[in-house]
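Please look over the structure shown here.

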Amino acid sequence: MSLLNMILKPRILFFNPVRHAHSKFQELSAIAQTENLSSNSRAEFFKDLNGKYKDINAIYSTSSSYAVTGKFDLELIERLPSSLKFICHNGAGYDAIDIDACTARGITVTNAPDPVTNATADLTMFLLLGALRKLNPSLNILRRGEFKKGVDFGHDPQGKTLGIIGMGRIGRAVKRRAEPFGLKIIYHNRNPLSPAEAEGVPYVGFGELLSQSDIISLHLPLNGNTRHLIRAKEIEKMKDGVVIVNTARGAIIDEAAMAHALESGKIAAVGLDVYENEPQINKSLMENEYALLTPHLGTHTTETLASMESLAMENARRGCFGEPLLTVVAEQK
């Protein structure tokens with residue numbers, strides 16, 4: 001590559017390597033300088049921003065990008081070079097990025113909301129049915145060589161009320177998957193949906209959803225309004241023996257309060273893919289057999305990850321070449 005081409009090509013810094021959408025990455029690399037982050041700590045990254053990364057134009061990030069640098073908070077955003085105009089996040093949730101700080105610096109943030117929908121809804125149903133049937137203890141018993149010994153009884157989904165908190169893309173996808181199982185569905189949003197968007201599902205108040213639901217599934221973003229939306233006092237309003245499913249963000253629920261209610265039997269079972277302080281998980285949850293747990297695998301399929309990677313790279317390409325971005329985050333629209 002000639003020095004002139006290197007100078008003219010925009011620089012895109014990948015905080016994580018592309019693992020699935022290789023052809024898209026090759027296309028992007030033909031027209032831009034693409035490079036993987038080599039900094040080994042937050043302090044080293046800050047130093048590199050004054051050196052080898054002083055003229056980057058875009059950042060490609062994923063949910064695991066913060067292991068090295070920490071969150072994209074005000075301190076980090078303020079240190080980014082003036083050349084940096086785009087952060088293209090490979091994921092639907094972006095609570096680790098300070099959007100206000102980005103806006104103040106003239107940095108546009110994009111995410112990848114559409115590709116995550118089906119895979120996350122599929123995993124939600126796995127956790128929902130597994131928790132409802134109390135399958136986790138039986139799996140452990142089987143592996144101990146005690147075939148069906150002392151296995152507790154689960155419950156059928158037919159006729160149970162599923163309360164969906166957050167009827168966005170994923171919430172509606174869960175609704176469509178849940179209906180064939182005979183579940184009665186209600187939902188709560190900050191604002192009621194139009195009849196077409198609600199697809200026949202009745203809107204109820206937050207307290208009404210808590211008190212009426214046999215199963216509660218969370219599908220809303222984490223922000224200042226939703227952090228610890230579910231606390232001990234909200235759990236107390238729920239039915240005895242409720243099942244809680246969370247594939248959104250762990251901190252939407254007070255994890256300690258949920259663990260206590262699970263231990264007491266107020267909550268019969270939980271199906272969780274996300275945790276308040278990932279990768280650390282509440283010890284009581286870890287030890288409770290009625291907690292069906294997966295390690296944040298909502299989008300962890302080859303096809304979904306390839307689509308997410310492609311969308312994030314396409315946003316980076318469009319931003320660097322002056323074309324309209326596809327999925328700017330809501331706060332910046």
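The notes below cover a helix crossing and a cavity in a predicted model.

## Helix pair α2 and α15

Helix α2 spans residues 22–31, and helix α15 spans residues 302–320. Their axes come within 10 Å and cross at roughly 15°. That angle makes α2 roughly parallel to α15, because angles under 35 degrees count as roughly parallel. The crossing of the two helices is left-handed.

Which residues make the contact? From α2 come Lys24, Phe25, Leu28 and Ile31. From α15 come Ser310, Met313, Glu314 and Arg317. Sorted by class, the contact of α2 with α15 has four nonpolar residues, three charged residues and one polar residue.

## The cavity

How many cavities of 30 Å³ or more does the structure hold? There is one. The largest cavity has about 30 Å³ of space.

Its lining includes Gly130, Ala131, Lys134, Leu135, Asn136 and Pro137. Ala269, Val270, Glu289, Tyr290 and Leu292 also line the largest cavity.

## Elements and classes in the lining

Which elements give two or more residues to this lining? They are α7 (117–132), α8 (135–143) and β10 (267–272). Helix α8 gives the most, with three residues.

By class, the lining of the largest cavity has seven nonpolar residues. Two polar and two charged residues are also part of the lining.

Conventions. Residues are numbered from 1 along each chain as its sequence is written. This is a predicted model: local features need pLDDT of at least 70, side-chain atom pairs count only at pLDDT 80 or more; totals for chains, interfaces and linings use all residues. Side-chain values use heavy atoms; hydrogens and water are left out. Axes are lines fitted to C-alpha atoms, for helices over the stretch in contact, and angles run from 0 to 180 degrees between N-to-C directions. Helices (H or I, at least four residues) and strands (E, at least two) are DSSP runs, numbered from the N terminus. Angles under 35 degrees count as roughly parallel, over 145 as roughly antiparallel, 65 to 115 as roughly perpendicular and the rest as oblique. A crossing is left-handed if the near helix is turned anticlockwise from the far one by less than a right angle, and right-handed if clockwise. Contact means heavy atoms within 4.5 Å. Ala, Val, Leu, Ile, Met, Phe, Trp, Tyr, Cys and Pro count as nonpolar, Asp, Glu, Lys and Arg as charged, and the others, Gly among them, as polar. On a 1 Å grid over the protein atoms alone, a cavity is a set of points where a 1.4 Å probe fits but cannot get out, and a pocket is an open set with protein on both sides within 12 Å along at least five of seven lines; lining residues have an atom within 4 Å of a point. Grid points are joined across faces, edges and corners, and a volume is the space filled by probe spheres set on the points.
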